[in-house]
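Hello,

Here is the model you asked to have handed over. Please look at the sequence and structure below; my notes on what was found follow them.

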Amino acid sequence: MKNKDSGLTVREKLFCVYFASTADIEHSAKCAGYDKEPLKKGQALLLKREVVDEIATLSKNRERAMSEVTQLFYEKLAFGSIADAVSLLYMDSPTKEQLSKMDLYMVQEIKKPKDGAMEIKFFDRLKALEKIAQSKEKTKQGSNSLVEALYQGAQNISNCAGDDTYV
């Protein structure tokens, strides 16, 4: 059964999804339901332009999503509140329920020696801001080396075999 949008079968689309996440040909083919000679089938799939195009699209979407998650993570570290962590310093014996309601995202480490006061170490806000800047710069560059390598590899295989399957 072909997918109307991409022209791929459901199993081919599944292969693309798994491959975009793992870059493991054999595993991706097995997960997509190609039980007989999965490595060989996966390699053959990577020679199809539609498959490589789908992997490229999925990889770009995944990269974009991961970039957004990373951005949110660092923004929360850079701009998050430490109020709950400071409140924790003044609690004698916080319960699990109290702790579960606290936003301790900014906390890197908590130490409470048996005979001393509680110590709380926070993530470095300046490093988080640096990571935000680096992430934005990397996004601007927009490199996608995995997809480029797939295209080049498939082109080389096609050229060596004298086959125009991919081209």
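G80 sits in the loop between helix 4 and helix 5 (83-89); helices (H or I, at least four residues) and strands (E, at least two) are DSSP runs, numbered from the N terminus. With a relative accessible area of 17%, G80 is buried, where buried means under 20% relative accessible area, exposed over 50%, and partly exposed in between (1.4 Å probe, protein chains only). Neighbours within four places in sequence left aside, G80 is in contact with E75, M106 and R125; contact means heavy atoms within 4.5 Å. R125 and G80 are 45 residues apart in sequence, while their C-alpha atoms are 9.2 Å apart in space.

Before the rest, the conventions. This is a predicted model, in which local features need pLDDT of at least 70 and side-chain atom pairs count only at pLDDT 80 or more, while totals for chains, interfaces and linings use all residues. Residues are numbered from 1 along each chain as its sequence is written, and side-chain values use heavy atoms, with hydrogens and water left out.

Confidence and overall make-up

The protein chain has a mean pLDDT of 84, and 78% of its residues reach 70 or more; pLDDT is the predictor's confidence in each residue, from 0 to 100. Over residues 163-167 pLDDT stays under 50, and the model has 12 contacts for them beyond four places in sequence.

The protein chain holds eight helices and two strands. Read from the N terminus, the order of elements is α-α-α-α-α-α-β-β-α-α. Of its 167 residues, 26% count as buried. Taking contacts between residues at least 6 apart in sequence, 53% join residues at least 24 apart. The accessible surface of the protein chain is about 11,600 Å², and 54% of that belongs to carbon and sulfur atoms; accessible areas come from the Shrake-Rupley method with a 1.4 Å probe, and for residues only the protein chains shown count as cover.

Helix 1 (residues 10-22) has 13 residues, which at 1.5 Å a residue should span 18 Å; its end C-alpha atoms are 18 Å apart, so the two agree. The expected span is 1.5 Å times one less than the number of residues. Its buried residues are E12, F15, C16, F19 and A20. Viewed down the axis of helix 1, these fall within an arc of 125 degrees, so they line one face of the helix; the arc is that of the directions from the helix axis to the C-beta atoms.

A23 is partly exposed, with a relative accessible area of 43%. E37, in the loop between helix 2 and helix 3, also has a positive phi in a residue other than glycine, near 50 degrees.

Helix 3

In helix 3 (residues 38-45) the buried residues are P38, G42 and L45. Down the axis of helix 3 they fall within an arc of 60 degrees, so they line one face of the helix. Their cover includes helix 1, helix 2 (25-31) and helix 4.

Helix 4

For the 31 residues of helix 4, 1.5 Å a residue should give a span of 45 Å; the end C-alpha atoms are 44 Å apart, which agrees. Its buried residues are V51, V52, E54, I55, A56, S59, S67, Q71, Y74, L77 and A78.

Which residues does V51 contact, neighbours within four places in sequence left aside? They are L8, F15, C16 and L45.

Q71 belongs to helix 4 (residues 49-79) and is buried, with a relative accessible area of 11%. Apart from neighbours within four places in sequence, Q71 is in contact with I132, S135 and K136.

Cysteines

C16 is buried at a relative accessible area of 0%, whereas C31 is partly exposed at 31%. Searching the whole structure finds zero disulfides, a disulfide being a pair of cysteine sulfur atoms within 2.5 Å.

Regards
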